[in-house]
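Student: I have a structure to read today. Can we go through the terms as we meet them?
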Amino acid sequence: DIRQRRGRTPEPVVYTPLGPDPPGTAALIVRSPIDSSGLVAMLRQQVQALDPALPIFRARTLPQVRRDLDWNGRVSNGLFLFLAFIAVALATFGLYAVTTHAVSQERHEIGIRMALGARTHQIIARVLRRLLVQVSFGFAAGVVCTMLWERMFPPGDASIHAADPVSLTLVALALVGLMTIAAAVPSRRASRVDPLLAIRAE
């Protein structure tokens, strides 16, 4: 078994002779303690001594080959991270806007609760509780959609599962962090509502 690609399990490979009809190009792999620039010149000299018509081109070191092979993966990962950052930013601003709107709509009720003796932490807990319910419903819908997507479009690698417990736990923790960030300012504003002003505003 030869590992032909990075990050994958070895695949069964069989090497056969070139035969009477060899391919037009071939790869020569050389391991040597000599510097790569001097090694290429030495190889070119030896090959031309065997056959002057055989050229040597695209001489690269193994790290350069690996970097070239990983170009698609690097671009895909960068694009995925960029889109994920946009999604997280939109989710955070969306939660912030929804929470701010809910607090402004319930300003009269919050003022009454505070006039009747509600504590600051109780007001903040009420705002966070509502936001937690919304995030929980969104998380549950996301898990269901992820499982359906994985069933409709299974990944090529059997060891990869989009809905594994570790990934879901990390997503849940990220959502809790986003919820905390989005609810920080609205809950602080709700806890500072003046009961008299809130009641008179109605």
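Student: By class, what makes up the lining of the second largest pocket?

Tutor: Nine nonpolar residues, no polar ones and no charged ones. Nonpolar covers Ala, Val, Leu, Ile, Met, Phe, Trp, Tyr, Cys and Pro; Asp, Glu, Lys and Arg are charged; the others, Gly among them, are polar. The lining is Phe-80, Ala-84, Ala-87, Val-88, Ala-91, Val-171, Ala-174, Leu-175 and Leu-178. Two elements give two or more residues to it, α3 (71-105) and α6 (165-191). The largest share, five residues, comes from α3.

Student: What is the basis for these values?

Tutor: This is a predicted model: local features need pLDDT of at least 70, side-chain atom pairs count only at pLDDT 80 or more, and totals for chains, interfaces and linings use all residues. Residues are numbered from 1 along each chain as its sequence is written, and side-chain values use heavy atoms, with hydrogens and water left out.

Student: What makes a space a pocket?

Tutor: On a 1 Å grid over the protein atoms alone, a pocket is an open set of points with protein on both sides within 12 Å along at least five of seven lines; lining residues have an atom within 4 Å of a point. The second largest pocket has a volume of about 270 Å³. That volume is the space filled by probe spheres set on the points, which are joined across faces, edges and corners.

Student: Why is Thr-92 called buried?

Tutor: Buried means under 20% relative accessible area, exposed over 50%, and partly exposed in between (1.4 Å probe, protein chains only). Thr-92 has a relative accessible area of 15%, so Thr-92 is buried. Thr-92 sits in helix α3. Leaving aside neighbours within four places in sequence, Thr-92 is in contact (heavy atoms within 4.5 Å) with Leu-178, Ile-181 and Ala-182.

Student: Why does Val-98 count as partly exposed?

Tutor: Val-98 has 43% relative accessibility, so Val-98 counts as partly exposed. Val-98 is also in helix α3. Its C-alpha atom is 9.3 Å from that of Ala-182, 84 residues apart along the chain.

Student: How many helices and strands does the chain have?

Tutor: Seven helices and zero strands. These are DSSP runs, numbered from the N terminus: helices are H or I with at least four residues, strands are E with at least two.

Student: Where is confidence lowest, and where highest?

Tutor: pLDDT is the predictor's confidence in each residue, from 0 to 100. Helix α7 (residues 195-201) is lowest, at a mean of 58, and α3 is highest, at 84. The mean for the chain is 78.

Terms used
On a 1 Å grid over the protein atoms alone, a cavity is a set of points where a 1.4 Å probe fits but cannot get out, and a pocket is an open set with protein on both sides within 12 Å along at least five of seven lines; lining residues have an atom within 4 Å of a point.
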